[in-house]
Amino acid sequence: MNKVLVTGGCGYIGSHTIIDLIDHGFEVVSVDNNINSYTYAMDRVESIVKRSITHYRMDLCDLEATRQIFKDHPDIKAVIHFAALKSVGESVSQPLRYFDNNLNSLLNVLSCMRDFNVPHFIFSSSCSVYGNTTALPVTETTPFEEAESPYARTKQIGEQIIRDFARANAAVSSILLRYFNPAGAHESALIGEDPVHEAWNLVPAITETAIGHREELLVFGDDYPTRDGSCIRDYIHIMDLANAHTKALQYLLADKQEQNCEVYNLGIGNGVTVLEAVHAFEKVTGQKLNYRIAPRRDGDVVAVYADTGLVGERLNWQARYNIEDIMRTAWAWEKQRKSTVNG
Ligand code: NAD
Ligand code: WQD
């Protein structure tokens, strides 16, 4: 069995990915300091996959502690590096904290990979690296605009660090995955998006409104030049996103890469407006959502969605879920979360 180290394993994307990896025969070692997650996420992952998972609770900014994981597991074949702080707004007010956490953890992981001869690396990048681009759909070669936040800059710099590392370490092959808008939850409704602070993304804002944690959903702008005036995004179901990591890993292990650092966009290529997302929620749940049109949110781009040709062709990956599946699973998770976690 190929052993994979998953950093940020208790987080939203990490926890779902561990399930898909184990379903596809990988052995997982996980690490997280729970700065933005809860340890019970790992208990729930274990109950879903029906086996125990080796998990370390520690900070990847601590180099010695990070090295210990690699010493304990000299047979790690790959690292999937999810661990990072990810709140765009928080990064604007705390830029140094974001640079410190996201870049030092990355440097520590890469130096351990070099020292312990780990051959494969997958990095969580983001569509935010493209900045306020107007080129649509966004391809992997769309030039980067200025980063809109320190968070996005940590991803631009992180990618650059990995490219330089790849140039100097031919034995390590890397894949950079640029996620668009991940949303939804595992079908079991045992895990889902569960940040320690109030969520600011659209789908949790919708479900938190419907469950009554928020009075109303604010739709930020209906005067954009789009089909209904609200912004367009590329929402990708979390289990589709998880499976793309498995596909990327299988691709690396089969030695199929053409370059030792490759990059793929991960969206479904289908732009959905905010109002369409709201109506999809209303359709699958059969309930009206209390929403109100509000002024535009600072920093929002009008529309962004991915060209998914490359990831489909090279990694043999295809999305299986649509926006209605996203809303159905996010709602099932929200109801369960209220009854067993917060309630
Ligand atoms: P998340 O916050 O749910 O998960 C990240 C996990 O990393 C958390 O559990 C956190 O506690 C952990 N972590 C952070 N710093 C750490 C450190 N120094 N040491 C150990 N653990 C640490 O976020 P997510 O949504 O699962 O995102 C995973 C990755 O994907 C991140 O790199 C994020 O920037 C990237 N990404 C996320 C989105 C999104 O919308 N969710 C979009 C694009 C990219
Ligand atoms: C989507 C749309 C909002 C909340 C963010 C990060 C990006 C990446 C993905 C990490 C926008 C509208 C939202 C609400 C609303 N993350 N909206 N009312 O901004 O596209 O991307 O997540 O890498 O870096 O910036 O996602 O979910 O916040 O917003 O009308 O209460 O929903 O204006 O048009 P965004 P989002």
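In the shell around ligand 2, the strand β8 gives the most, with four residues. Helices (H or I, at least four residues) and strands (E, at least two) are DSSP runs numbered from the N terminus. This is a predicted model, in which local features need pLDDT of at least 70, side-chain atom pairs count only at pLDDT 80 or more, and totals for chains, interfaces and linings use all residues. Residues are numbered from 1 along each chain as its sequence is written, chains are lettered from A and ligands numbered from 1 in the order in which they are written, and side-chain values use heavy atoms, with hydrogens and water left out.

The shell around ligand 2 has 20 residues, of which S126, Y151, L218, R233 and D300 come nearest; a residue is near a molecule if one of its heavy atoms lies within 4 Å of it. Both α7 (202–211) and β8 (217–220) supply at least two residues of this shell. By class the shell holds 13 nonpolar, four polar and three charged residues. Here Ala, Val, Leu, Ile, Met, Phe, Trp, Tyr, Cys and Pro count as nonpolar, Asp, Glu, Lys and Arg as charged, and the others, Gly among them, as polar.

Polar contacts, meaning pairs of N or O atoms within 3.5 Å, can be followed around ligand 2. A polar backbone atom of L218 is 2.7 Å from a nitrogen atom of the ligand. The side chain of N201 has a polar atom 3.2 Å from an oxygen atom of ligand 2, and an N or O atom in the side chain of R233 is 2.5 Å from an oxygen atom of ligand 2. Ligand 2 exposes 690 Å² when taken alone, and the protein buries 88% of that; accessible areas come from the Shrake-Rupley method with a 1.4 Å probe.

Ligand 1 has 28 residues around it, and D32, N36, S37, K86 and Y151 come nearest. At least two residues of this shell come from each of α1 (12–23), β5 (120–126) and α6 (150–168). The largest share, three residues, is that of β5. The shell around ligand 1 is made up of 14 nonpolar, 10 polar and four charged residues.

Nitrogen atoms of ligand 1 take part in contacts with D59 and L60: a polar side-chain atom of D59 lies 2.9 Å from a nitrogen atom, and a polar backbone atom of L60 is 3.0 Å from a nitrogen atom. An oxygen atom of ligand 1 lies 2.8 Å from a polar side-chain atom of K155. Taken alone, ligand 1 exposes 820 Å², of which the protein buries 96%.

K86, named above among the residues nearest ligand 1, also forms a salt bridge with E193, and the closest N and O atoms are 3.8 Å apart. E193 lies in the loop between β7 (181–183) and α7 and K86 in the loop between β4 (76–81) and α4 (88–93), so the pair ties together parts that are 107 residues apart in sequence. The whole structure has 23 salt bridges, each a side-chain nitrogen of Lys or Arg within 4 Å of a carboxyl oxygen of Asp or Glu.

A cavity is a set of points, on a 1 Å grid over the protein atoms alone, where a 1.4 Å probe fits but cannot get out, and lining residues have an atom within 4 Å of a point. The largest cavity has a volume of about 90 Å³, a volume being the space filled by probe spheres set on the points, which are joined across faces, edges and corners. Its lining takes the most from α11 (323–342), with four residues.

The count comes to two cavities of 30 Å³ or more. The second largest cavity, of about 40 Å³, is lined by H81, A83, A84, N102, L103, F123, T154 and K155. Two or more of these lining residues come from each of α5 (95–115) and α6.

Two backbone features remain. Most residues other than glycine have a negative phi, and most peptide bonds are trans. K50, in the loop between α2 (40–49) and β3 (54–57), has a positive phi of about 60° although it is not a glycine. A cis peptide bond with omega of about -10° joins L136 and P137, and P137 lies in the loop between β5 and α6.

Methods
Polar contact = N/O pair within 3.5 Å; in protein donor to acceptor, adjacent residues only side chain to side chain. 1 Å grid on protein atoms, 1.4 Å probe; cavity = no way out; pocket = protein on both sides within 12 Å on 5 of 7 lines; lining within 4 Å.
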